[in-house]
Amino acid sequence: MIVAMDKWTVARTLDEIAQYIELSDPNPFRARAFEKAARKVETLEADLGDLVKRGELSSVSGIGKATGAIIEEIVNTGQSRYLDELREQYPPGIFDLLRVPALGLKKIGVLFSELGVSDLETLEQAAREGRVAKLKGFGAKTQQKILEGIEVARNRTSKHLLTFGLHAGETLREQLASIDVIEDAEVTGSVRRRLEVIQNVNIAVAARDPKKAIAAIKKRKLLDAIEELDENTLRGTGREDVVVFIHIVTPENFGSCVLVTTGSREFVEGFLAHGKLTKARTEHDLFEKNGIAFVEPELREDAAPLKKKKRVTLIQPTDLRGTFHIHTTYSDGRHSVLQMLEEARERGFEYAGLSDHSQAAFYARGLKPDDLKRQHAEIDRASEEVAPLRVFRGTEADILNDGAIDYGAKILSKFDFVIASIHSRFGMEKDEMTDRILRALDDPHVTFLGHATGRKLLVRDGYTFEFDKIFDRCAERGVMIEINGNPYRLDLDWRHVRRAIDRGVGFSIHPDAHSTREMSHVISGTWVARKAGLTAKQIFNTKPVDEVAEYLAARRKRALAAG
Ligand SMILES: [Zn+2]
Ligand SMILES: [Zn+2]
């Protein structure tokens, strides 16, 4: 049986074999032979499968007998028994030790065979006990360096917010693009897929002469601890110790490089099941040459979108015509009513909904009924100044412990919209929390459910409740769930947004802005919506102002009638 193995997968397998050999074999030539064969395979013009079929592999210079036999096996069976054997001899995480700057494959091999070191923990233990220094070719100095390196390695596994990764990536991309031997650069990896938490930054670079490009990048010192992983890959650390990978290829391989380094692994494998990594200067070209309709990077967590016949146009920031959930100095915001409204108008919005905290949120200086009167008068005055921007008067009202909405019906009925949010007793039991939110959703004044899970990325998990019950009640009561665009929240999570949409829930993208600058959180909000696969039509605040005003007025009327 012929399994269609692309040359990149074959090359990766050869590289992995080379790494294992280097762990154990003092003769450097064997490992080099596999590396050389891998590079040869990557640059082959002819189809690898055809070469194998015709028995012409051995005529290719750089591919010897031993390497040729293994390539043939990979092409024919999709795997290498030799690699499987090698894998069995070592612990699975052995190559993670490469993150320690002082360590190369040879040293890692010695540490494993002499001391049984298999990961950072066992390495640290051995070094602290002085056992590393006693090894031949190591010594006290190296041992000390390794201990320091373990700290670096640990930092390298650290996680970062997407917004940080995006900024770090884009900054670096611009710097790289300004180097004269570099023709193109693009941020790829999980940042391009807009994953909410990222572990590293990847950048694909196109250069006619990758060697020259690598030398130029190193000279610029754009990263700390920069090192060459192979002739196409640099690794270094950027701000806050974020790990950065730079992948350098020739322009005709740029499209493939962007696709492969964007990932995810499942998506790339899915792509290769239908297509090939042919020469293409852009990723769009690559899709086109393979007759595969383009899949937006945000949707590439798995291969499923490749199978869909129709592609949808995902929502874009420019689709938003207005927004809600804006704080002012009346509660815990930094800018005045007028300043926030001016910012909304400058962003080209047709409408803006102000919503300061309610009285129960005392820590956030929630508004008492008297404050509300003053604020409403001020909003009326400011509204005239920011015309034609339409201003909606709202509140972010606390969902109290028993599920009642702060303020009560009489005051709530004065607002154009109400965002109901939980700001207390996050630790409630799941059932109790579910009941609490369900009761809140039953209040007819509630327009939106605010930051539904209360999570703070990299800080705390959200509270637990039964998602489907809440989604069904939202759909039933016509309460929309907000997509809170604060980069720490990005709440509701895109995975759940998809699920909720299927159950008929409406969504609206809000910045939860506490300053004019934070109005840009509407943009991070679109990351979530795009990752959930939403179109502009599926988001409430892409609607024109008249439609929105009408909807809110009708809902308010219904709430009044319900008392
Ligand atoms: Zn809130
Ligand atoms: Zn808020």
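View 1. On a 1 Å grid over the protein atoms alone, a pocket is an open set of points where a 1.4 Å probe fits, with protein on both sides within 12 Å along at least five of seven lines, and lining residues have an atom within 4 Å of a point. Of its 23 lining residues, Leu299, Lys308, Val312, Leu314 and Gly533 are the closest to the centre.

This is a predicted model, in which local features need pLDDT of at least 70 and side-chain atom pairs count only at pLDDT 80 or more, while totals for chains, interfaces and linings use all residues. Residues are numbered from 1 along each chain as its sequence is written, ligands are numbered from 1 and chains lettered from A in the order in which they are written, and side-chain values use heavy atoms, without hydrogens or water.

**View 2. Helix 21 supplies the largest share of the lining of the second largest pocket, four residues.** Helix 15 (304-307) and helix 21 (494-502) each give the lining at least two residues. Helices (H or I, at least four residues) and strands (E, at least two) are DSSP runs numbered from the N terminus. By class, the lining holds eleven nonpolar, four polar and eight charged residues; Ala, Val, Leu, Ile, Met, Phe, Trp, Tyr, Cys and Pro count as nonpolar, Asp, Glu, Lys and Arg as charged, and the others, Gly among them, as polar.

**View 3. Four residues hold the zinc ion (ligand 2).** Look for His325 (NE2), His327 (NE2), Glu396 (OE) and Asp512 (OD), at 2.1 to 2.3 Å. Donors are N, O and S atoms within 2.8 Å of the metal (3.2 Å for Na, K and Ca), and sites may look incomplete because water is not among the atoms. Their spacing in sequence is H-x1-H-x68-E-x115-D. His327, in the loop between strand 8 (322-326) and helix 16 (337-346), and Asp512, in the loop between strand 14 (507-510) and helix 22 (521-531), therefore tie together parts 185 residues apart in sequence. His327 is buried at 0% relative accessibility, and Asp512 is buried at 3%; buried means under 20% relative accessible area (1.4 Å probe, protein chains only).

**View 4. Glu396 bridges the two zinc ions, ligand 1 and ligand 2, which lie 3.3 Å apart.** The zinc ion (ligand 1) is coordinated by Glu396 (OE), His423 (NE2) and His451 (NE2), at 2.0 to 2.2 Å. Both His423 and His451 are buried.

Key
Buried means under 20% relative accessible area, exposed over 50%, partly exposed in between (1.4 Å probe, protein chains only).
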